[in-house]
Amino acid sequence: MGELSVTEKRHVLEHVFNQYDTSRTGELTPVQLQMLHGDLRIGGISMPQVQASLAYTCATDMCSETELYNALQEMDRRYFLIQDLRWEFSMLDRTQTDLITEEQARWLVQTVHGRYFSKRTWEEFLLRRAVPGSGVSFAEIEVLLCDIPSRLKLEKENKDDDREKEERLRRQREMEEEAEKQRQRLKKEKEEQRRKKDENKKKEDDERRKRELEDDERKKREEEDRRRREEEEEAKRLKELEEEEERRRKEEDEKYKDVEKVKEEEERKEKETEDELNRLKKRREQENDEKKRKQLEEEEAKMSKLYIEHRNKRVRYQLKVAIKSRDKFKLEYSVTEFKKYNLEDTDMDLQKAQRLIKEFTAKENLKRAMTKREIEELEQAMSFVKKNGFEAQLAGDMQEANQLLSRLKRLERIRHEILELKQSTVAEIRSYSKPPLVVHTVMTVTLLILGHKEKDTKDWKAVQALVGKTGKESLKRQCVQTEAAKIPLATAKRAKTLLDKFELDEVRDVSAGAATFYVWAITMIEEALDVQK
């Protein structure tokens, strides 16, 4: 057989991907990817190796269909490389304890990496070890062995080291120069001129920043007003649809007013004819006279025809009763029986029932998406309702979903605004020696939501220290990563009590930075309280 064409290869990959993507998310988890590779190669590779392969070939920690081929190629490279490296490791493990010394491990890594061996990477590995100096297992270094760094990476590390040395020398020179400057101070008149110039520049910068912030706030208010008007119009439209649907249901209830009685009557007749049919059948089987038997067969045929008529009528009215009750189980059962006897849908009841079942499915999907509170899934559920024309029937649910979607999008926007917040704005909040009450309160509430105790925020210096943190513990990053569902109810209520004393405009007039944290805190509180409901 020849090599597969591009199209054939794509079809094979698609088929394999769908086999393991059991949840139909469009992505394979590391565990699913490990299972897939393990089915291809005996023994497969370890989870850390799978994760390293994902990091090397995929955009996220999950694998999409388009990334599958490259991911499998990388996993294969590591798989076959490990076979050779295990043998090398066993040659060093002379005591047969599955462990080698750190010196031996370094030699092995350096041998494998050759001239691309990175001292920095090795030192980072040693720092991460749970018990420094202890024996090194193969599992502990297998990923490091397979992650052979490139020449560019090594050059970059060397350049970084050179830059750091240069930076240290530069800072040292600057300190010496600054000390010299301090000893050789300029005359008082020049210093005064410089001071005035700096003050004027600062004043101009402050005014420019103020104008920019005012423009940003104006645009935000206009956007909020526009969204609010759209939400109000949508709520009004859904309310009208709900009222119209209510009138339609009343008319339909009137139409199906006596269906239960007809159904019960037909059930009774069906039972009677069935009993009579069984009686005639028994008599025919016991009758020896040919003439009488033929007569009984004719009576049995007539009774069978009458039984079918009553049964079919009972099935039709049973479906009408299910439609009137709006019970999904009854509808599904009645639809199944209606189809079983292949009845003609003269009253369009089958079509109504199937549409009702689809409506209930849409409602369940919408409720599930609202519970999960994920924007994409909620939008898909709402789109399904609109696409299938269930807005009138599910108007109340759609209105609630619209409100939730609006709040979730607002929270997403605010998180983005927090992330884009300039460091100078955060520094402005931190620069207060005696902050206005509104600023102190807003930052207290922000830290409360992030998990700090209220007593720890009474002292402004403590707040300044927390606001000034950088990196993973920075205020902006913590705000973006905090989930409303994990905020304790008591904390949300206390935070709401503190912020109820102030309005957004009042906060904005004092500090634009504090206003951003105010909006974030208000939105997080609302979402936390709603989740608790």
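Select helix H4 (residues 68-92) and helix H7 (residues 138-146): their axes come within 10 Å and cross at roughly 125 degrees. Axes here are lines fitted to C-alpha atoms, for helices over the stretch in contact, with angles from 0 to 180 degrees between N-to-C directions. H4 and H7 are therefore oblique to each other (under 35 degrees is roughly parallel, over 145 roughly antiparallel, 65 to 115 roughly perpendicular, the rest oblique). Their crossing is right-handed.

Show the contact residues (heavy atoms within 4.5 Å). H4 supplies Arg 77, Arg 78, Leu 81, Ile 82, Leu 85, Arg 86 and Phe 89. H7 supplies Phe 138, Ile 141, Glu 142, Val 143, Leu 145 and Cys 146. By class, the contact has nine nonpolar, no polar and four charged residues.

This is a predicted model: local features need pLDDT of at least 70, side-chain atom pairs count only at pLDDT 80 or more, and totals for chains, interfaces and linings use all residues. Residues are numbered from 1 along each chain as its sequence is written, and side-chain values use heavy atoms, without hydrogens and water.

Next, helix H16 (residues 423-431). Thr 425, Val 426 and Ile 429 are buried (under 20% relative accessible area; exposed is over 50%, partly exposed in between, with a 1.4 Å probe and protein chains only). Look down the axis of H16: the buried residues fall within an arc of 100 degrees, so they line one face of the helix. On the other side, Gln 423 and Ser 431 are exposed.

Last stop: Lys 320, in helix H11 (residues 290-325). Lys 320 counts as buried because its relative accessibility is 8%. Leaving aside residues up to four places away in sequence, Lys 320 touches Tyr 256, Val 259, Asp 347 and Asp 349.

Terms used:
Helices (H or I, at least four residues) and strands (E, at least two) are DSSP runs, numbered from the N terminus. A crossing is left-handed if the near helix is turned anticlockwise from the far one by less than a right angle, and right-handed if clockwise. Ala, Val, Leu, Ile, Met, Phe, Trp, Tyr, Cys and Pro count as nonpolar, Asp, Glu, Lys and Arg as charged, and the others, Gly among them, as polar. The arc is that of the directions from the helix axis to the C-beta atoms.
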